[in-house]
Amino acid sequence: LFVRKNSGIRNIQDMRGKTVALVSRGSFSGYVYPLAYFRQHGISDISAFFREYYFAGSYDAAINAVLNGAADIGSAGSKVYNSLKLSDPRIEKELTILDESMDVPYYGLFLAKSISLTTKNAVRKVLIEMQSDAAGAAILKQLDLRGFAPATSHDNYNSVFITAKKAGIDLKTYRLDK
């Protein structure tokens, strides 16, 4: 969660009546985590607490919304925030981070149960072996990634499950379109 340094926002009380730029209902850093943060600070109905909240559609759009004054508070993934900070000195100079989520897996890929095991294994093999292939390594470099690793158990996503629970989200019934 970040704000403009000159906003006067330093804690949850200072956020009342402000505008929040979230990313999308499918974003951990740009939606699930902020909801958990707000709930942990006693805010169960964000539409009643904030003047407005909206979905910016991407991490960079949420960052730019706060940077350019369209929103008072924003939330974005640290990888994108830190990358943009390198290319835009205004981010370091004008924004401040109020809070950060616990570490979560980045770029998780889940395939529908209806996809064949053969296809799932082929996708898994391609992703895991990307860094060994010149074209794959070039793609990973563009994404600022070293490579992919298999999730070895349900426990790899405990931080996501814990945060979703804190946000009041039941992942078994959660829908992105609501």
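The legends below walk through a predicted model, one close-up at a time.

Residues are numbered from 1 along each chain as its sequence is written. In this predicted model, local features need pLDDT of at least 70, side-chain atom pairs count only at pLDDT 80 or more, totals for chains, interfaces and linings use all residues, and side-chain values use heavy atoms, with hydrogens and water left out.

View 1. The C-alpha trace spans about 55 × 40 × 25 Å along its principal axes. Of the 178 residues, 31% count as buried, meaning under 20% relative accessible area, where exposed is over 50% and partly exposed lies in between (1.4 Å probe, protein chains only).

**View 2. Five strands make an open sheet of mixed pairing, in the order β3-β2-β4-β1-β5.** The edges belong to β3 (52-55) and β5 (95-97); each has a single partner strand, so one side of each is left without a neighbour in the sheet. Two strands count as paired if DSSP finds at least two bridges between them. Strand β2 (residues 19-22) runs parallel to β3, and four bridges join the two. Look here for Val20, which stands opposite Tyr53 in β3.

**View 3. The largest pocket has a volume of about 1,800 Å³.** A pocket is found on a 1 Å grid over the protein atoms alone, as an open set of points where a 1.4 Å probe fits, with protein on both sides within 12 Å along at least five of seven lines; lining residues have an atom within 4 Å of a point. The volume is the space filled by probe spheres set on the points, which are joined across faces, edges and corners. There are 43 lining residues, and Tyr107, Gly108, Leu109, Phe110 and Tyr157 are the closest to the centre. Helices α2 (28-40), α7 (117-129) and α9 (158-166) each supply at least two lining residues, and α7 has the largest share, with six. By class the lining holds 26 nonpolar, 10 polar and seven charged residues; Ala, Val, Leu, Ile, Met, Phe, Trp, Tyr, Cys and Pro count as nonpolar, Asp, Glu, Lys and Arg as charged, and the others, Gly among them, as polar.

**View 4. The second largest pocket has a volume of about 350 Å³.** Its lining numbers 19 residues, with Ser29, Gly77, Ser78, Glu100 and Ser101 nearest the centre. Two or more lining residues come from each of α2 and α5 (78-87), and α5 gives the most, with four. Nine of the lining residues are nonpolar, six polar and four charged.

**View 5. Helix α8 (residues 134-142) can be viewed from start to finish.** At its start, a side-chain oxygen of Asp133 comes within 3.1 Å of the backbone nitrogen of Ala135. After α8 comes Asp144, with a positive phi near 60°.

**View 6. Thr163 sits in helix α9.** This threonine is buried, at a relative accessible area of 4%. The side chain of Thr163 reaches the backbone oxygen of Ser159 at 2.8 Å.

Key. Polar contact = N/O pair within 3.5 Å; in protein donor to acceptor, adjacent residues only side chain to side chain.
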